[in-house]
Amino acid sequence: MGAYANPFDPDKLLWNGCPCGQHRSVLEHQMAMAGATADSRFACEEVTQTSNNLQQTSAPAEHPSRTAADFSDSGKEEKVQYKQTSFKDIAEPTGEDMEEALARSVESAIVRGIFGTDSSRRSFLKAVGAGTAYAAIASILPLDSVKAAVLEAKGPLEKSKLNVGFVPITCATPIIMAHPMGFYKKYGLDVDVIKTAGWAVSRDKSLSGEYDAAHMLTPMPLAISLGAGSTASPWTMPAVENINGQAIVLSNKHKDKNDPKKWKGFKFAVPFEYSMHNFLLRYYVAEHGLDPDKDIQIRVLPPPEMVANLRADNVDGYLSPDPFNQRAVYDGVGYIHKLTKDIWDKHPCCAFAASKGFIEENPNTFLALWKSIMDATNFASIKSNRKDISQAISPKNYLNQPVTVLEQVLVGRYADGLGNIKNVPDRIDFDPFPWHSMAVWILTQMKRWGYVKKDFDYKKVAEEVYLATDAQKLMKEMALDGPYATPPASTYQKYTIMGKTFDPDKPEEYVNSFDIKRV
């Protein structure tokens, strides 16, 4: 038998080993069959077909079997014979025809997963015919899409069923929308996107392997890799999910305190310690002369709890991801003090992240997942798609937010809670490129505020965690069509943040340039 035998040919012995699954080898199976009687536990089944079911005779109870009632179109009982079908006439691909060989391998793997043993597979095919069997399987699993994804990845997917965690915020738009809008399926993946309360839970489930990949905050893969806040584990960030998209919100009772110099004694919330929210809030108040560890209080709250805590006066404000900034305005409990894009335009926020272990063990699956995220992020970057995306991600199992709230965030025409209607199309945007320079800036803030005390090579860590060089190659290969489709020539650039220049070639000099710091 050829290595790429047609799995829909009932005359083919498809897999190595015992065809009925009860013996240690084909030889043992053949020897057992030679001396088997009808009541022997080694006897293989004799299948008969009726209008209602397939009946198995002369077989032990433990012998694997499948019913084909749903696919039977015969109204009379008949002994099933091997039948010649068009599927049997398909030539076996050779090892030199890799695309056909990979496609055949995918079919074989799927059929094996469904039937378990050659005996069950062959009995089913004899009962219903190869064409009916193929159509039945294709009706519940998109065989052509799976094969296309495998060929695109240049190898079979190590696994197609994945768990990907997300926190319900608009920053996760590409990861979420890829599910209802078909981007995962396009690359042959069956992804369960799992709503997660906050990032501590997301981190822990990722570290435990419960999540194959996850929506994370851009500082998190760096922190995990350095062992800051958790056990050190090699992590990667293949893509940024969104840029901009955050805001500082204050309680309506503080409408007379729109000047940060008046915030001494305020209680603020951020969604996680290792977040752009924490680092941008600290940067912002420090530039206005306040020490974030002495003059204000900063506490961690999961994003879905932000508005309730603002309403209950547990916090005076927060720097949070949307939609909870806009939701505070919608609910009449807060106003938008400043969009974070006005602190640092095009700053990174959230990311698609995966462990190095997952990538090494599942390289083709990872590539398919990465492509699906890149494709979805590209789609989200095209502003004319934003209203459709708002509809797709609003349901309860995703963001559970009114469409009007999501549209104000994604489209950028919004009420600020101070009586103004503003139009900021790039309030949030979606550029997937994981700049190494962004990683270096984040590392300087981790060092500045004492989250990492040891010395390290900034660029070495950035280049190990943020997969910018690989992203350059992938983006060129995918030839996407959005505003950020063309990758930059370099993975480093300078930034100006509140009038202060950051040079990624001088990270320690940058850390030491601040008057307010913990170093």
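This is a predicted model: local features need pLDDT of at least 70, side-chain atom pairs count only at pLDDT 80 or more; totals for chains, interfaces and linings use all residues.

Trainee: In what order do the strands of the open sheet of 5 strands come?
Mentor: The order is E11-E10-E12-E9-E13, and the pairing in this open sheet is mixed.

Trainee: And which strands are at the edges?
Mentor: The edges are strand E11, covering 297-300, and strand E13, covering 334-339, each of which pairs on one side only. On average, neighbouring strands of this sheet are turned by 25 degrees against each other, if direction is ignored.

Trainee: Do E10 and E12 run parallel or antiparallel?
Mentor: E10 and E12 run parallel and are joined by 2 bridges, and Phe268 stands opposite Gly317 in E12.

Trainee: Which helix lies across E9, E10, E11, E12 and E13?
Mentor: That is helix H10, residues 276-287, which runs at about 135 degrees to E12 as it lies across those strands.

Trainee: Which way do the residues of E14 point?
Mentor: Cys350, Phe352 and Ala354 point one way, while Ala351, Ala353 and Ser355 point the other way, and all of them are buried.

Trainee: What is E14 joined to?
Mentor: Strand E6, residues 213-217, is joined to E14 by 4 bridges and runs antiparallel to it, with Leu217 standing opposite Cys350 in E14. Strand E7, residues 235-240, is likewise joined to E14 by 4 bridges in an antiparallel arrangement, and there Ala239 stands opposite Phe352.

Trainee: New topic, how many salt bridges does the structure hold?
Mentor: The structure holds 26 salt bridges. In general, side chains of opposite charge can pair when their charged atoms come close.

Trainee: What does Lys253 form a salt bridge with?
Mentor: Lys253 pairs with Asp313, and their closest N and O atoms are 3.5 Å apart. This pair links distant parts of the chain, 60 residues apart, with Lys253 in the loop between strand E9 and strand E10 and Asp313 in the loop between helix H11 and strand E12. Lys253 is partly exposed, with a relative accessible area of 45%, and Asp313 is partly exposed too, at 41%.

Trainee: Is Lys341 buried or exposed?
Mentor: Lys341 counts as buried because its relative accessibility is 14%, which falls under the 20% cut-off. Lys341 forms a salt bridge with Asp342, the closest N and O atoms being 3.9 Å apart, and Asp342 is partly exposed at 49%.

Trainee: And what about Lys494 and Asp503?
Mentor: Their side chains meet in a salt bridge at 4.0 Å, N to O. Lys494 is exposed, with a relative accessible area of 56%, whereas Asp503 is buried, with 15%. Elsewhere, salt bridges that share partners join Arg282, Asp291, Asp293 and Arg518 into one network.

Trainee: Last one, where does Ser437 lie?
Mentor: Ser437 lies in helix H17, residues 436-448, and counts as buried because its relative accessibility is 0%. Apart from neighbours within four places in sequence, Ser437 is in contact with Thr491, Tyr492, Gln493, Tyr495, Phe502 and Pro504.

Terms used. Residues are numbered from 1 along each chain as its sequence is written. Side-chain values use heavy atoms; hydrogens and water are left out. Buried means under 20% relative accessible area, exposed over 50%, partly exposed in between (1.4 Å probe, protein chains only). Contact means heavy atoms within 4.5 Å. Two strands pair if DSSP finds at least two bridges between them. Axes are lines fitted to C-alpha atoms, for helices over the stretch in contact, and angles run from 0 to 180 degrees between N-to-C directions.
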